[in-house]
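Biologist: Can you take me through this model a piece at a time? I have the structure open and would like to ask as we go.

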Amino acid sequence: MTVQPDPRDRVRAKKMADIVADRIRQQIARGELKAGDWLPTEPELTRRFQVSRPTLREAFRLLEADSLVRVRRGPPGGAQVHIPGPEAAAPIFGLLLTLAGTTVHDLYEAMAVIEPPAVRRLTDEGSDFEHDMLEQSLDDVAQALQAPYNQSAPAIVQFHRRIVELAGNQTLSLVFAMLGEVMTRHVSALYGVERVSEPEFAARNRSIMRAYRTLLKLIRKRDGAEAERYWAEHLRAARGFLLRDAKAARKQVIDLIG
């Protein structure tokens, strides 16, 4: 019995543009091409890959879509390697959160699970230099708090993100960075609509700085258990402020990433 081929079973061969893009993508991933490097000229690349200029330019478009190169058009032109940060993945990550029906409360809880163990690791295993870097982030917060709250939110979230980055786990750092992109928008929106008196505004600033300085002091003392306990307690207290509006806490992430 002869079995007729089913068109649905055909495997589509990769287009040459996909193959060229894959080759360059691998070079970037292996570190053979670094951020800021310029790719060879079009004539050189067409000879190397033995493809036409339209095929090469389609490969560039694919790499641009991945935020891996920036193409400068017109003379002299060229493609420059760009290493994307977490913000490049934030839109698709935000979409996944949205499709899962994620709320602001759920988002905050995830961040609160990650941070205290990161504090413990940074305290126990971090170098003095890494502790100095966290102090620099604290200085950035102090400066940012001179601006209105909705403008200082990025620096506040960045301090939390820095803790996880300096703890040394790259996977958690990237996940936390994407969560932080969304939480920054929530904090900015919350502070932006609030109307508080000058004394209350100043009191909040002092409270934030007091908590951050206490944490840094515990980290420098290398008291990992106490630093972790203190930070978990601080995050629970902060949750009471950030999520005190039950309606806002149930707001889905889609309302924040649009």
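Modeller: Keep in mind that this is a predicted model. A place to begin is Gln50, which counts as exposed because its relative accessibility is 71%.

Biologist: Where is Gln50 in the chain?

Modeller: Gln50 sits in the loop between α2 (42–49) and α3 (53–65).

Biologist: And what about its backbone, what is the phi of Gln50?

Modeller: Gln50 has a positive phi of about 55°, and it is not a glycine. Most residues other than glycine have a negative phi.

Biologist: Ser67 next. What is its phi?

Modeller: The phi of Ser67 is near 60°, which is positive, and Ser67 is not a glycine either. Ser67 belongs to the loop between α3 and β1 (69–72).

Biologist: Is Ser67 buried, exposed or partly exposed?

Modeller: Ser67 counts as partly exposed, because its relative accessibility is 25%. The cut-offs are under 20% for buried and over 50% for exposed.

Biologist: Which residues of α2 and α3 meet?

Modeller: From α2 there are Glu42, Leu45 and Thr46, and they meet Arg53, Leu56, Arg57 and Phe60 of α3. By class, this contact has 3 nonpolar, 1 polar and 3 charged residues.

Biologist: Now α1. How many residues does it have, and how far does it reach?

Modeller: Helix α1 covers residues 16–29, which is 14 residues. From first to last C-alpha α1 reaches 20 Å, close to the 20 Å expected at 1.5 Å a residue.

Biologist: Which residues of α1 are buried?

Modeller: In α1 the buried residues are Ala17, Asp18, Val20, Ala21, Ile24 and Ile28. They lie on the same side of α1, because they cover an arc of only 165° around the axis.

Biologist: What do the buried residues of α1 pack against?

Modeller: They pack against α2, α3 and β2 (78–81). Just after α1 comes Gly31, with a positive phi of about 85°.

Biologist: Let me jump to α10. Which of its residues are buried?

Modeller: Gly224, Ala227, Tyr230, Trp231, His234, Leu235 and Leu242 are buried in α10. Seen down the axis of α10, these buried residues fall within an arc of 140°, so they line one face of the helix.

Biologist: Why would residues some places apart in a helix point the same way?

Modeller: An α-helix has 3.6 residues a turn, so residues three or four places apart point the same way.

Biologist: Does anything else touch Trp231, or rather, which residues does Glu115 contact?

Modeller: Leaving aside neighbours within four places in sequence, Glu115 is in contact with His160, Ile163, Val164, Phe176, Trp231 and Leu235. Glu115 lies in helix α5 (residues 104–125).

Biologist: Is Glu115 buried or exposed?

Modeller: Glu115 is buried, because its relative accessible area is 2%. Its C-alpha is separated by 8.9 Å from that of Phe176, 61 residues apart along the chain.

Biologist: Last one, His131. Where is it, and is it buried or exposed?

Modeller: His131 lies in helix α6 (residues 128–144). His131 is buried, because its relative accessible area is 1%. Apart from neighbours within four places in sequence, His131 contacts Leu122, Thr123, Gly126, Leu216, Ile219, Arg220 and Arg222.

Conventions: Residues are numbered from 1 along each chain as its sequence is written. This is a predicted model: local features need pLDDT of at least 70, side-chain atom pairs count only at pLDDT 80 or more; totals for chains, interfaces and linings use all residues. Side-chain values use heavy atoms; hydrogens and water are left out. Helices (H or I, at least four residues) and strands (E, at least two) are DSSP runs, numbered from the N terminus. Buried means under 20% relative accessible area, exposed over 50%, partly exposed in between (1.4 Å probe, protein chains only). Contact means heavy atoms within 4.5 Å. Ala, Val, Leu, Ile, Met, Phe, Trp, Tyr, Cys and Pro count as nonpolar, Asp, Glu, Lys and Arg as charged, and the others, Gly among them, as polar. The expected span of a helix is 1.5 Å times one less than its number of residues. The arc is that of the directions from the helix axis to the C-beta atoms.
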